[in-house]
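Me: I have not looked at this structure before. Please take me through some of its packing, its sheet and its cross-link.

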Amino acid sequence: MIRRALSKPLLLLFLTLAVFVMPAGTGMSSAEAGEADTCGLEQVRGVKVSASVEFDHRGVDYSNVKSVMDIEIPASWKRAPDLLLDTGEPEYRQALRCLLGEKHAPLDFTEQRPKPLTVDSDGKKVRVHYEAVVSVQWLAKLQIGPWVLLPNADVWTVHLDPPKNLSKATWENVEVRTGGPRALSVRPESATGKDGTVLKWQNRKPDKFAVSFRPPVAQQWDAKTLSPGQPWEAVGLFSGSSAAMYVLAGLLLLFAGRKLRQGLAQGPADDEQRALGVLRSWALLSIGLGLLVYMGDNVLEFLWNDKYTKTLSLFSLLFIGIALCAFGKLQKSLMVVACSVVVVVAGTSLGCEVADCALLPVSDKDVLIHTLGYWLKSLACVAAFFVYYMGGISSVRRVLRMVGGSLPLWLVVSLSSVLSGLTVLWAYLVFRRYWDRISWLAEIGRPTYKDKLWEQLNNWWHDFPKLVLPDLLDTASLVLFALVPAATLYVCRAEREDSNYFTPTASEQLFLAVFFTLVVVPGGGVYFGVNGSFVTIFLGFLFARMLISLGERKAVLAQPVSGNGALGQAMSRVDRPRLLRTIRRYRDLQDCLHHPGMGNPAESTGAREAIEREIDEMDRRLPEGVRLVDVAFACGPMATWWENARRCAMIACVVGLPGTGVMYWLAMVSGGTWAGTLVYPGGFIAIIYIILGWQVIWMGAAFFMGALWRSLPVRYGPTKALCVALVFSIPVCAHWVLGELIGQEVRGTIVVIATFTSVMTCTGLVMDVQTFTSEGRYWPSKASLIMYIYRMPLTAVVFVLTQLASLATIWQSLPHGGPGGPPPTP
């Protein structure tokens with residue numbers, strides 16, 4: 001299905017919301033203003049300051065801004081010793097407020113601090129080093145250290161806003177780096193620099209240092225499409241473009257289901273009718289849920305008022321949960337429980353909105369929530385997530401029943417309870433880190449400190465459903481877009497009624513191409529703020545169809561046999577054991593011919609001619625250019641193409657575990673991304689999504705390869721895998737080319753291709769080994785069996801080189817990180 005990088009848009013969206021919901025009461029009180037006069041810093045001589053701000057636009061979806069500030073203060077300043085205290089001490093925080101200004105207190109919402117503020121003292125001077133970063137994901141005023149950024153729709157302006165206590169300090173160096181765009185205006189004009197992208201001022205008193213520039217088009221539009229109130233926000237990543245991808249995916253699934261129905265030899269039987277109905281229901285449900293999640297707030301704002309968008313998100317979460325419960329045909333008693341939870345939570349929330357009740361958070365910010373409401377809100381979230389998880393797992397349970405499997409109800413309830421509790425627990429722990437970040441200069445001893453803490457906790461739980469709703473829908477869709485089509489194909493395949501279908505029919509091949517497109521091909525990136533998955537969907541489907549078309553002409557079993565049609569049709573299920581015995585006899589005869597020696601029965605001329613005649617007789621039964629051993633490789637380890645597909649998927653599930661570990665490490669841990677994961681409210685859901693996502697990709701690609709095992713245009717398992725890897729790589733490379741051209745994020749492209757290729761080629765190797773499992777008793781080890789199977793050196797060389805290249809690429813990429821994870825923010 002559509003996979004969006006769980007990274008910067010989701011992580012920083014909640015920061016956007018935090019800024020817009022920030023209460024007006026966070027300003028300084030008169031008492032706090034009075035304390036600023038007691039710093040005594042203006043009377044200290046010899047204070048020196050350096051400040052720089054640098055923009056980074058290239059290779060990222062959203063422009064990053066980094067501020068670095070160095071302050072040197074004489075140790076004679078009365079508050080200098082306080083800077084060496086613990087960061088939680090009131091004296092330490094008061095000293096920092098004197099240096100950095102009260103604009104960072106009591107709460108500092110926008111900036112991130114990738115490194116802790118450091119203080120170094122040699123007894124004469126105290127040096128403070130302070131770094132801050134922010135990602136420009138919306139067009140609103142942003143505070144980064146001593147700098148203020150005003151990103152407008154056309155021109156961005158960054159200016160220095162020096163703390164008032166440093167007004168008499170000497171600013172030794174002030175520097176602005178625009179990251180590529182040339183400055184449109186510079187104040188004061190006496191700046192020095194280079195190429196209009198690096199502007200410097202030296203040894204100046206604080207002034208209105210300001211630079212205006214026009215940012216790159218891609219990052220400018222990324223910010224436009226994510227900014228509330230902007231006209232283009234309706235087509236952005238979290239709005240119309242992502243909703244359109246769900247509509248496109250649902251329509252493709254409906255189209256594939258219709259073609260599958262038309263391909264049935266007779267009218268659909270009862271079980272086939274039910275399976276096609278499940279497929280149609282899921283396609284329509286996914287379209288409706290995609291529109292609700294990504295366009296619901298836009299429709300509400302257009303028809304009524306955007307004041308209630310967060311309440312709508314809670315209702316949307318409840319609706320998704322109960323809709324999945326209905327789709328999964330949950331047992332009646334559990335369905336009653338789910339409906340009761342939805343009615344109680346939705347009714348209470350709606351009642352509080354109408355009556356401005358303080359029992360739960362409401363949209364009216366003048367209504368302060370009751371203390372009991374903090375706990376009720378968290379319980380309401382647990383209940384809502386319980387319904388969602390129970391709906392998702394019950395949907396999986398229903399699909400498993402279509403293929404003869406099932407899940408016990410106690411497991412459904414237990415998993416739902418554990419997952420819902422962990423989701424909310426993770427969010428609460430993240431809130432503690434969030435609060436520590438925004439209150440780093442707040443005065444803990446003041447009575448307002450605890451009030452602000454409860455106020456932010458109230459906003460947090462009110463925002464939480466809106467923040468994680470896209471992740472929840474994407475996770476459920478990820479699994480069901482794989483399982484529902486696979487189960488439908490199992491029920492409706494022509495092979496069940498006629499064993500002559502040694503490979504999927506034309507309608508089934510089309511269905512498999514759509515399956516590969518929606519399940520295996522990763523979603524595209526963000527192009528000018530718009531979800532670009534339509535590019536990879538189009539290319540994935542096109543090249544999957546091209547591979548299938550090529551296999552229809554070049555596959556071994558597609559070669560004609562006189563009087564019997566294709567070779568595959570001449571091979572019956574009962575021929576398999578005899579085929580393997582014949583292949584062994586064929587290879588023994590070849591050994592006799594090509595390895596003469598003492599005791600070899602081919603030493604005499606008559607015996608040699610007899611062996612050659614027997615080999616010729618075996619070859620004469622096959623099409624020209626096809627060897628007997630090629631037939632075994634083409635048939636695969638199982639008796640039918642469906643069993644080959646299932647076996648291949650199960651092999652990939654195990655073989656792909658190391659690959660999933662690598663992708664998880666690159667996306668969520670390495671390169672500092674773990675710090676970003678720890679501050680993302682939906683981090684637990686993101687972890688589930690990453691793990692499930694890559695496992696589904698490996699298994700989906702292997703299912704596609706196994707189903708077409710007898711139709712692929714090459715002969716050996718690793719080379720079949722390379723064909724599938726090539727089809728996978730083309731859309732990924734297309735995304736990389738587009739990203740490079742417009743300067744957006746494309747990190748991890750090479751390692752994704754390398755890992756996918758490694759997993760698929762290993763899966764192909766295991767499939768070939770299992771094809772000759774019955775020969776294993778003749779060989780002392782698996783390695784000997786593999787050497788026996790791959791007598792062609794080229795195949796072995798291709799496999800070894802592919803694995804070495806993949807491992808080298810993965811190893812090289814480990815320190816740099818890969819796609820899919822939140823950015824490194826504290």
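Me: Is the crossing of α11 and α12 left-handed or right-handed?

Reply: In this predicted model, helix α11 (residues 447-492) and α12 pack with their axes 10 Å apart, at an angle of about 165 degrees. Angles over 145 degrees count as roughly antiparallel, and α11 and α12 are therefore roughly antiparallel to each other. The handedness of their crossing is left-handed.

Me: How many residues of the contact of α11 with α12 are charged?

Reply: On the α11 side the contact is made by F481, A482, P485, A486, L489 and C492, and on the α12 side by E508, F511, L512, F515, L518 and V519. Of these residues, 11 are nonpolar and no residue is polar. Glu counts as charged, and E508 belongs to the α12 side. The number of charged residues is 1.

Me: How many residues of the contact of α12 with α20 are polar?

Reply: The axes of α12 (residues 506-520) and α20 (residues 683-707) come within 9 Å and cross at roughly 165 degrees, which makes the two helices roughly antiparallel. The contact is made by L512, A513, F515, F516, V519 and V520 of α12 together with V696, I697, G700, A701, F703, F704 and A707 of α20. Gly counts as polar, and G700 is one of the α20 residues. With 12 nonpolar and no charged residues, the number of polar ones is 1.

Me: Which strands are the edge strands of the open sheet?

Reply: The sheet has 7 strands with mixed pairing, in the order β3-β4-β2-β1-β8-β11-β10. An edge strand of this sheet pairs on one side only. The edge strands are β3 (118-121) and β10 (192-194).

Me: What is the bridge partner of F55 in β2?

Reply: Strand β1 (residues 48-56) pairs with strand β2 (residues 64-74) in the antiparallel sense, over 9 bridges. The partner of F55 in β2 is V65.

Me: How many residues apart in sequence are the parts tied together by C39 and C98?

Reply: A search of the whole structure finds 1 disulfide. C39 and C98 form a disulfide with their sulfur atoms 1.9 Å apart, and their link is left-handed, with -80 degrees about the S-S bond. C39 lies in the loop between α2 (30-36) and β1, whereas C98 lies in helix α3, so the pair ties together parts whose separation in sequence is 59 residues.

Notes:
Residues numbered from 1 in each chain as written. Predicted model: local features only at pLDDT ≥ 70, side-chain atom pairs only at ≥ 80, totals over all residues. Heavy atoms only, no water. Axes fitted to C-alpha atoms, helices over the stretch in contact; angles between N-to-C directions. Helix = DSSP H or I, 4+ residues; strand = E, 2+ residues; numbered from the N terminus. Parallel < 35°, antiparallel > 145°, perpendicular 65-115°, else oblique. Contact = heavy atoms within 4.5 Å. Pairing = 2+ DSSP bridges. Disulfide = S-S within 2.5 Å. Left-handed = near helix turned anticlockwise from the far one by under 90°.
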